[in-house]
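Keep the viewer open as you read.

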Amino acid sequence: QVQLVESGGGLVQAGGSLRLSCAASGRTFSTARMGWFRQAPGKEREFLAAMNWSGGSTYYADSMKGRFTISRDNVKNTFYLQMNSLKPEDTAVYYCAAGPLLGPTARIVDHWGQGTQVTVSS
């Protein structure tokens with residue numbers, strides 16, 4: 001029933017910034033969690049960040065080192081991933097997700113977005 005659609009991916013130079021968007025349709029999120037993952041070829045899908053739709057605490061993977069920020073817009077039913085100081089190793093397909101448990105070591109994902117490609121050049 002819920003559909004998540006990512007946008008904002010593309011090609012960016014190392015050191016640059018990019019903001020990904022995930023628009024939700026089909027229902028409200030209420031207190032459900034939303035978050036971001038990424039997957040490079042030949043690698044497992046990696047957790048990046050998550051938060052409650054209603055607001056509150058945010059959670060980040062240690063490897064992000066403060067470069068990535070998750071936020072939301074309740075009016076637009078959209079959440080975002082602001083990515084700064086991008087590096088070539090950030091190149092991957094980025095996915096938004098919704099579910100009751102989103103984290104680095106455990107996850108229960110009810111819905112995935114279709115993914116958006118982010119390529120960072122040196």
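Which residues do ring pairs link into a cluster? They are Phe37, Phe47, Tyr95 and Trp112. Before going further, note that this is a predicted model, where local features need pLDDT of at least 70, side-chain atom pairs count only at pLDDT 80 or more, and totals for chains, interfaces and linings use all residues. Residues are numbered from 1 along each chain as its sequence is written, and side-chain values use heavy atoms, with hydrogens and water left out.

The structure holds 4 aromatic pairs; rings of Phe, Tyr and Trp (its six-membered ring) pair if their centres lie within 6.5 Å, and planes under 30 degrees apart count as stacked, over 60 as edge-to-face and the rest as tilted. For Phe37 and Phe47, the centres are 5.6 Å apart and the planes at 70 degrees, so this pair is edge-to-face. Phe37 belongs to strand β4 (residues 33–39) and Phe47 to strand β5 (residues 46–52), so the pair ties together parts 10 residues apart in sequence; strands are DSSP runs of E, at least two residues, numbered from the N terminus.

Phe37 also meets Trp112, with ring centres 5.1 Å apart and planes at 70 degrees, so that pair is edge-to-face. With Trp112 in strand β12 (residues 111–112), the contact with Phe37 in β4 ties together parts 75 residues apart in sequence. Phe37 is buried, at a relative accessible area of 0%, whereas Trp112 is partly exposed at 34% (buried means under 20%, exposed over 50%, partly exposed in between, with a 1.4 Å probe and protein chains only).

Now look for Arg45: its charged end sits over the ring of Tyr95, 3.7 Å from the centre, and over the ring of Trp112, 4.5 Å from the centre. Here, CZ of Arg must be within 6 Å of the ring centre and within 35 degrees of the ring normal.

Definitions and conventions: Helices (H or I, at least four residues) and strands (E, at least two) are DSSP runs, numbered from the N terminus.
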